[in-house]
Amino acid sequence: MTAGPGRRVAVRVPATSANLGPGFDTLGLALSVYDELVVEQLDGDRLEIEVEGEGVADVPRDASHLVVRAMAHTYASVGRSLPGLRLTARNVIPHGRGMGSSGAAVVAGILAAKGLLEGDADFSDVDLLRLATELEGHPDNVAPGLFGGLTIAWMDAAGPQHKQLIVHRGVSPLVFVPSFTMSTAVARSLQPLQVPREDAVFNVSRSALLIAAMTQSPELLMAATEDKLHQNYRAQAMPETDRLVRALRSEGYAAVVSGAGPSVLVLADGPGQRLAAADLMASVVDTPWQALMLAVDVKGGTVKNAEGSA
């Protein structure tokens, strides 16, 4: 189908968990929870937005919608104006819980724009990551959202870069999601601008070890997920999250704060350990939490013609 009114694309983007303990602003993991949307190009400059699922009562239905902003940014990057759109979104990724919902919206908008502009403008992986990072501010969530798997993300003189890695099949993610939310901006404000040299060296060693644990040696995950750069500083803002992480780790589960929190990610070594961790969670928390038994997403975000062709 050629670009123009009536063209429809379908987008699917995974949830992500950033940091993974020691890999602050660097490591991210794509998870098998997905936001989906269909975008249709309309005549003129009409904008129609339908939302179901997460955030249905809160997300805007105008040009300030993050998906629409990401699409506009992508169109502008190739000198095009955003056309009229009908956006139908099915949101499943929890909002404000440290599972990359804003990064997923950014990735979804960029991929939707890429799909609608196919045949008119081309976007490389480097372009996609650059556009997403410009909107999100850092690449640790958008890199796994775009490319899947475990990603290492960094910035250099050429802009944001990433390396995708294959996760060892023995790693089984489990995410505990609370009923309360946490602002990423608030979480970041609790961290000091400087940290002791010993803490920096500690995290460098654990981040290096975490790559080995995630890709080759899952038995090292407990040691590899230790952190001294961000979790302790943020604990005061989410005491129940902190209590759960400590309780899980005291029983040998590789538990960390997922992103900025308040969700908790457990990198288990199999289904049995995940069930036992879920039982422990239920005895520790005072408020409702949901246990999500997930897989690592290996595809990242996808876009195709809504009629089904690739």
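Me: Which hand does the crossing of α2 and α3 have?

Reply: A crossing is left-handed if the near helix is turned anticlockwise from the far one by less than a right angle, and right-handed if clockwise. The crossing of α2 and α3 is right-handed. Helices here are DSSP runs (H or I, at least four residues), numbered from the N terminus. This is a predicted model, in which local features need pLDDT of at least 70 and side-chain atom pairs count only at pLDDT 80 or more, while totals for chains, interfaces and linings use all residues. Residues are numbered from 1 along each chain as its sequence is written, and side-chain values use heavy atoms, with hydrogens and water left out.

Me: At what angle do the axes of α2 and α3 cross?

Reply: Axes are lines fitted to C-alpha atoms, for helices over the stretch in contact, and angles run from 0 to 180 degrees between N-to-C directions. The axes of α2 (residues 101-116) and α3 (residues 125-136) cross at roughly 135 degrees and come within 10 Å. α2 is therefore oblique to α3; angles under 35 degrees count as roughly parallel, over 145 as roughly antiparallel, 65 to 115 as roughly perpendicular and the rest as oblique.

Me: Which residues of α2 and α3 meet?

Reply: Contact means heavy atoms within 4.5 Å. From α2 come Ser102, Gly103, Val106, Ile110, Leu111 and Lys114, and from α3 Leu128, Leu131, Ala132, Leu135 and Glu136. The residues of this contact of α2 with α3 divide into 7 nonpolar, 2 polar and 2 charged. Ala, Val, Leu, Ile, Met, Phe, Trp, Tyr, Cys and Pro count as nonpolar, Asp, Glu, Lys and Arg as charged, and the others, Gly among them, as polar.

Me: How do α9 and α10 cross?

Reply: The axes of α9 (residues 239-250) and α10 come within 10 Å, crossing at roughly 135 degrees. The crossing of α9 and α10 is right-handed. Arg243, Leu244, Ala247 and Leu248 of α9 make the contact with Ala277, Leu280, Met281 and Val284 of α10. The residues of this contact of α9 with α10 divide into 7 nonpolar, no polar and 1 charged.

Me: Is Ser283 buried or exposed?

Reply: Buried means under 20% relative accessible area, exposed over 50%, partly exposed in between (1.4 Å probe, protein chains only). Ser283 has a relative accessible area of 57%, so Ser283 is exposed. Ser283 belongs to α10 (residues 271-284), and its side chain reaches the backbone oxygen of Leu280 at 2.7 Å.

Me: Where does Val204 lie?

Reply: Val204 is in helix α6 (residues 197-215). With a relative accessible area of 59%, Val204 is exposed. Val204 and Pro22 are 182 residues apart along the chain, with their C-alpha atoms separated by 7.7 Å.

Definitions and conventions. Helix = DSSP H or I, 4+ residues; strand = E, 2+ residues; numbered from the N terminus. Polar contact = N/O pair within 3.5 Å; in protein donor to acceptor, adjacent residues only side chain to side chain.
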